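This briefing concerns the overall build of a protein chain and its salt bridges. Please consult the sequence and coordinates alongside the text.

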Amino acid sequence: MTNVARTVTRVPLAQPDIGTLERELVGQVLAGDTLAMGPFTEEFERGVAALARTRHAVAVSSGTAALHLAVRALGIGPGDEVVTTPFSFVASSNCVLYEGATPAFADVEEETLGLDPERAEAAISGATRAVLPVDVFGNPCRLRDLAALAERAGVPLIEDACEALGSTLDGRPMGGWGRIGTFAFYPNKQITTGEGGMVVTDDDELADAIRSMRNQGRDQDGTWLRHVRLGFNYRLDEMSAALGVAQLRRRDELGAGRRRVVAGYRERLSGHDWLRLPEAAPGAKVDWFVHVLRLDQRIDRDRLIGQLAERGVQARPYFSPIHLQPFYREHFGFRPGDFPVTERVATSTLALPFSSRLTDEQLDRVCEALVSAVREQGAA
Ligand SMILES: Cc1ncc(COP(=O)(O)O)c(C=O)c1O
């Protein structure tokens, strides 16, 4: 097997889908003199605002920067708590730490893997200043209930929709459910800018503050060396924005490609009792960001990842609980058992190769490798 694996090309977990339009628009930027804060940044912002159906969209250098500015613009600081999920990418709770506040974790619900509204309610305290749920893998969390909870608690909702551009819940786009929403455009996302992110909001004052903070605290008139608040360099450059504009224009095509792959996995893998395919939340249309299976407990997931690697297929666990990260354990004393649903789910997830470029032959190879590896474990 190992000898065979050396000779076959790997099926990668993710691949950006970059075409001639992307090259053309980035080339236009490079042929001009405006490499930052130009017309492509504005067009990209207008496009994402239209998708999220929000009044404002502010382009920034990453999803992490978007989350940081969301927390900061809401004035969250030392002594404050933000109720959030441990089943996420680490940035959704690091953004709270950047401002000296504390994440108050609440466990997720088994179905959507989003923040459980009942558990979130129990985590609300006198120090709560926001509720920050995550649309995991692009699947909407229970936003209606979570927004109602935030309202009852008198605090804003920050929707981390970094993985959910283009998904909808009851016809309403993700990212636009809270006071502030965030998107990310790393190369494994639905659309990419290389590195990049976006903050969306309907609130004019918050949008102004976020625009200023991403640009070193400059005022709206952008006077070169006048800084009215503490700011950052979280700007998105114009080449990245041009890439984003091209990807947005190709969004239907890219989304159709991902849907073909989701259907391809469903066709090849349904009927196996040792796995669960991704399922959209009730009322949701999901533009999946990753394709994550949940495996029966009798399968040794970590061994399976190694077996797949031997067969030239890249696979990953998704996510590893935030509260069990070494940094969080050390600083906050979290332990295994603190958030049982998150921990149980996290041992059973397997992200398979997923991109609009995945061919039918690659799909065959991934699924054959998976089934044969599980058989080798004696679990199928
Ligand atoms: C849920 C979630 N939040 C935040 C981020 C951070 O985005 P970025 O990597 O662009 O900083 C990501 C990116 O992977 C994410 O998946």
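The points below treat the fold as a whole and then selected salt bridges.

The model is predicted. The protein chain contains 14 helices and 13 strands. Its radius of gyration is 21 Å, close to the 21 Å that the globule rule gives for 380 residues, so the chain is as compact as a globular protein of that length.

**Overall build**
- The C-alpha trace of the protein chain spans about 65 × 55 × 40 Å along its principal axes.
- Of the 380 residues, 57% are buried.
- Among contacts between residues at least 6 apart in sequence, 70% join residues at least 24 apart.

**Surface and charge**
- The accessible surface comes to about 16,100 Å², and carbon and sulfur atoms account for 49% of it.
- There are 43 positive and 52 negative side chains, with the centres of the two sets 2 Å apart.

**Salt bridges**
- The whole structure holds 26 salt bridges.
- One of them pairs R214 with E45, the closest N and O atoms being 2.9 Å apart. R214 lies in helix α8 and E45 in helix α3, so the pair ties together parts 169 residues apart in sequence. Both R214 and E45 are buried.
- E99 and R72 form another, with closest N and O atoms 2.8 Å apart. E99 sits in the loop between α5 and β3 and R72 in helix α4, so parts 27 residues apart in sequence are tied together. E99 counts as buried at 13% relative accessibility, whereas R72 is partly exposed at 23%.

Terms used: Residues are numbered from 1 along each chain as its sequence is written. This is a predicted model: local features need pLDDT of at least 70, side-chain atom pairs count only at pLDDT 80 or more; totals for chains, interfaces and linings use all residues. Side-chain values use heavy atoms; hydrogens and water are left out. Helices (H or I, at least four residues) and strands (E, at least two) are DSSP runs, numbered from the N terminus. The radius of gyration is taken over C-alpha atoms; the globule rule is 2.2 Å times the number of residues to the power 0.38. Buried means under 20% relative accessible area, exposed over 50%, partly exposed in between (1.4 Å probe, protein chains only). Contact means heavy atoms within 4.5 Å. Accessible areas come from the Shrake-Rupley method with a 1.4 Å probe; for residues, only the protein chains shown count as cover. Lys and Arg count as positive and Asp and Glu as negative; His and the chain ends are not counted. The place of a charge is taken as NZ of Lys, CZ of Arg, CG of Asp or CD of Glu. A salt bridge is a side-chain nitrogen of Lys or Arg within 4 Å of a carboxyl oxygen of Asp or Glu.
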